[in-house]
Amino acid sequence: MTQRNAISIGEAVQRVMSNIEKGISEKVPLIEASGRYLAEDIVANQDVPAFDRSLYDGYAIRSEDTVNATAATPVELEVIGHIGAGTVFHNELKPFQAVRIMTGAEMPEGCNAVVMLEYVQELTKSDKNCIFVDRYIRENEHVFKKGQEIPEGTYLVESGTRITPGIIGLLATFGYSELLVGKKPVVGVLATGSELLEIDEPLVPGKIRNSNSYMLMSQIERVGAQPKHLGKLEDNLEKSFEVIQHELQDVDILITTGGVSVGDYDYLPEIYERLGATVLFNKIAMRPGSVTTVAKLENQFLFGLSGNPSASFIGFELFVRPVIRTMLENKKPYLTSQKAILADCYPVPNAFAQLIRTKIENRDSNIYVTSNGLNMSSSITSLVGADALVVLPPTETGYEKGEIVDILLLSDEGQEIFFVI
Ligand code: AMP
Ligand code: MG
């Protein structure tokens, strides 16, 4: 039997990350790019705005004409035209002339300020329209200058950034109808275990439903890759070897759950050997998921996660997630970490690091973490509504309530109450 040496979580992450291959990119229409990861740096190919624009409905004027305007001595300007957004005024303004202008329209030549409709007196005199301005309007007042928001050449979005609605709007502004994005790695999910039923099969004695495959496919989708459901395998070495060897032809990454421990029917270690895969590690000093194994076969990763649902979930978030995100060129591949205060005690010494599913609570400007149900590797309920994983390093004394610990955030679902205004 293969020798197992438990390594730390940090060492395991490091071994995985130093074995990543570069991802592939593909062009997609902007309309399909939402939620994908940019595979190119984007630089502004024009000024925004592309021309001086009016910020309000009002009159485009020459600031210098209003230098002496006061409430007692308003200045009279002749209105020589009218433009809305999308149209252009072609004549140049002479002194003491104005053009009625709507929000977003291009400033006429010779104008350098806008006075809002609300601040002028309008008057029609026989054959001409006039306005009276009763104060000095500074140069550029209510004008959004060419390039004021983004000058041409500005670095806009970095490769590896997740494409959000704001980015879609920005890139549409610049006329990007297609984007280069990271091609979603295809991640096969294969469950092992003779006890497994399909999810639509009725329970029979001794059997359980294959819940891991569905959970993992959902996790794969959430991090931005393409899940491939490969079904389940009985604990049969020859058959499993054949199926795994075959399925490896069509996936970028293969995740298996179960069969990776030292039990009588745990065949994954032998399968890695037969495949000629290099095992990066096969034991981690962590609970749950100490049996988590990662192997590499040429440029493919094989993640052997534990069959226990919580262990499988955590194994994915710690080791598979950063691989996928890095393949997508994302520069922030890991779960966000922060400090929090323990609201429960964990008194039992443990030679392994513990990862505890918790709920976050904001109290008195502090973040507290409370255990989210059964803290067992077989538990599935503790994953539901878990906001964070608390990371407790190995301990000889256990942990007290009130101790400050590191947590890894799992979700950002928003909050129940609107913030106070
Ligand atoms: P194993 O890692 O194969 O020793 O499995 C550990 C535990 O996880 C056992 O109790 C299995 O019955 C359970 N298990 C294995 N695979 C799955 C699965 N796909 N869905 C839910 N539970 C599973
Ligand atoms: Mg098993």
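Start by selecting Pro 288, which is found in the loop between strand 19 (286-287) and strand 20 (293-297); strands here are DSSP runs of E with at least two residues, numbered from the N terminus. The peptide bond that joins Arg 287 to Pro 288 is cis, with omega near 0 degrees. This is a predicted model, in which local features need pLDDT of at least 70 and side-chain atom pairs count only at pLDDT 80 or more, while totals for chains, interfaces and linings use all residues. Residues are numbered from 1 along each chain as its sequence is written, chains are lettered from A and ligands numbered from 1 in the order in which they are written, and side-chain values use heavy atoms, with hydrogens and water left out.

Next, select Pro 49, in the loop between strand 2 (42-43) and strand 3 (53-54). The bond from Val 48 to Pro 49 is also a cis peptide bond, with omega near -5 degrees.

Then go to Phe 96, in the loop between strand 5 (75-83) and strand 6 (97-101). Phe 96 is not a glycine, yet its phi is positive, at about 60 degrees. Most residues other than glycine have a negative phi, and most peptide bonds are trans.

Now colour by domain, with bounds from an automatic or database domain assignment. Domain 1 is 9-24 + 183-327, domain 2 is 29-46 + 150-182, domain 3 is 53-144 and domain 4 is 337-409. Over C-alpha atoms, the centres of domain 3 and domain 4 are 64 Å apart.

Finally, select ligand 1 and the 15 residues around it, of which Glu 195, Asn 210, Asn 212, Gly 259 and Gly 307 come nearest; a residue belongs here if one of its heavy atoms lies within 4 Å of the ligand. By class, this shell has three nonpolar, ten polar and two charged residues; Ala, Val, Leu, Ile, Met, Phe, Trp, Tyr, Cys and Pro count as nonpolar, Asp, Glu, Lys and Arg as charged, and the others, Gly among them, as polar. Strand 13 (186-192) and strand 15 (208-209) each supply at least two of the shell residues.

Show the polar contacts, pairs of N or O atoms within 3.5 Å. An oxygen atom of ligand 1 lies 2.9 Å from a backbone N or O atom of Gly 307, and a backbone N or O atom of Asn 308 is 3.2 Å from an oxygen atom of the ligand.

Key: Polar contact = N/O pair within 3.5 Å; in protein donor to acceptor, adjacent residues only side chain to side chain. Helix = DSSP H or I, 4+ residues; strand = E, 2+ residues; numbered from the N terminus.
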